Structure formats: C-alpha cells, structure tokens
Amino acid sequence: MQIEVKKLTDEELKSRGVRNWPIWESPVRTFPWEYGDTELCYIIEGKVIVETEDGEKVEFGAGDFVKFPKGLKCTWKVLEPVRKHYNFE
C-alpha cells in the first residue's frame, strides 16, 4: 500500500474541483488513523509525517496533493497545524 504525494498545477486543481472540497483542520498532535476509503487531499497549510504500519514514513506539507489508499493503517504526526481539502473516491 503506497501513499502518493505529488504537486498539481492550478489547472489540475481546478479540473478536479479541489478548492470546492470540504476542509479539515488539525492542531499539532499525533494520532492513529485507518482509511475506510481512498482519500485524496490537498494540503493548504501545515506539515505532517505519516508512518504506515510497515514503517514507511512519508512527509508532506503545503502545496502537496496526497492520495491515501483504502485500508491503510497509519499514524499521523502533525508537525505544524494543518488545513487540507479532502475528498473520497
């Protein structure tokens, strides 16, 4: 199971309607999470490290577009308060 992090152009963000997706926010904290569906998100601000059950660590922050696969179990470590647009596939 792989977390995908990439940069999208403004055109790609517009074509996906990302800025119309709901917003989720979190203060600095660490918490476990499991994805019941595939989640797509665009980080508006903040910095996060996500560690998967198998020890993979993925860091991402403002301007990153991230895809979390369905069934992923991980721990979120929010290093800087985060705001993100999110959507489920």
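Is Lys47 buried, partly exposed or exposed, and at what relative accessibility? Lys47 counts as partly exposed, at 32% relative accessibility; here buried means under 20% relative accessible area, exposed means over 50%, and partly exposed lies in between, with a 1.4 Å probe and protein chains only.

Before I continue, a word on the basis of these values. This is a predicted model, in which local features need pLDDT of at least 70 and side-chain atom pairs count only at pLDDT 80 or more, whereas totals for chains, interfaces and linings use all residues. Residues are numbered from 1 along each chain as its sequence is written, and side-chain values use heavy atoms, with hydrogens and water left out.

I begin with the charged pairs. Side chains of opposite charge can pair when their charged atoms come close. A salt bridge is taken as a side-chain nitrogen of Lys or Arg within 4 Å of a carboxyl oxygen of Asp or Glu. Over the whole structure, the search finds six salt bridges, and I shall discuss some of them.

Lys47 takes part in one of these, meeting the side chain of Glu59 with an N to O distance of 3.9 Å. The pair links distant parts of the chain, with Lys47 in strand 4 (residues 39–52) and Glu59 in strand 5, 12 residues apart. For the secondary structure, helices (H or I, at least four residues) and strands (E, at least two) are DSSP runs, numbered from the N terminus. Glu59 is partly exposed, with a relative accessible area of 48%.

Another salt bridge joins Asp64 and Lys7, whose closest N and O atoms are 2.8 Å apart. Asp64 sits in the loop between strand 5 (57–61) and strand 6 (65–68), and Lys7 in the loop between strand 1 (4–6) and helix 1 (10–16), so this pair ties together parts that are 57 residues apart in sequence. Asp64 is buried at a relative accessible area of 10%, whereas Lys7 counts as exposed at 56%.

Asp10 and Arg19 also meet through their side chains in a salt bridge, at 3.7 Å from N to O. Asp10 is partly exposed at 48% relative accessibility, and Arg19 is partly exposed at 45%.

I turn now to the nonpolar interior. A nonpolar core is defined as a set of buried Ala, Val, Leu, Ile, Met, Phe, Trp, Tyr and Cys residues joined through side-chain atoms within 4.5 Å. The largest such core has 16 residues, and those with the most contacts inside it are Ile3, Val50, Phe60, Val66, Phe68 and Trp76. Strand 4, strand 5, strand 6 and strand 7 (73–88) each supply at least two residues of this core. Apart from it lies another core, of seven residues, including Leu8, Trp21, Tyr42 and Phe65.

Which residues does Phe68 touch, not counting those up to four places away in sequence? They are Ile3, Tyr35, Asp37, Thr38, Glu39, Cys41, Val50, Phe60 and Trp76, where contact means heavy atoms within 4.5 Å.

Thr38, one of these partners of Phe68, is placed in the loop between strand 3 and strand 4. Thr38 is buried, with a relative accessible area of 16%. The side chain of Thr38 reaches the backbone nitrogen of Lys70 at 3.3 Å.

Finally, the largest pocket. A pocket is found on a 1 Å grid over the protein atoms alone, as an open set of points where a 1.4 Å probe fits, with protein on both sides within 12 Å along at least five of seven lines; lining residues have an atom within 4 Å of a point. The largest pocket has a volume of about 160 Å³, the volume being the space filled by probe spheres set on the points, which are joined across faces, edges and corners. Its lining consists of Trp24, Arg29, Phe31, Trp33, Tyr35, Glu39, Trp76, Lys84, Tyr86 and Phe88. Strand 7 gives the most to this lining, with four residues.

Among the lining residues is Trp33, which belongs to strand 3 (residues 29–34) and is partly exposed at 44%. The C-alpha atoms of Trp33 and Cys74 are separated by 5.4 Å, although the two residues are 41 apart along the chain.

Glu39, another lining residue, lies in strand 4 and is buried at 4% relative accessibility. Its side chain makes a polar contact with the side chain of Lys84 at 2.5 Å. A polar contact is a pair of N or O atoms within 3.5 Å; within protein, one must be able to donate a hydrogen and the other to accept it, and residues adjacent in sequence count only if both atoms are side-chain atoms.
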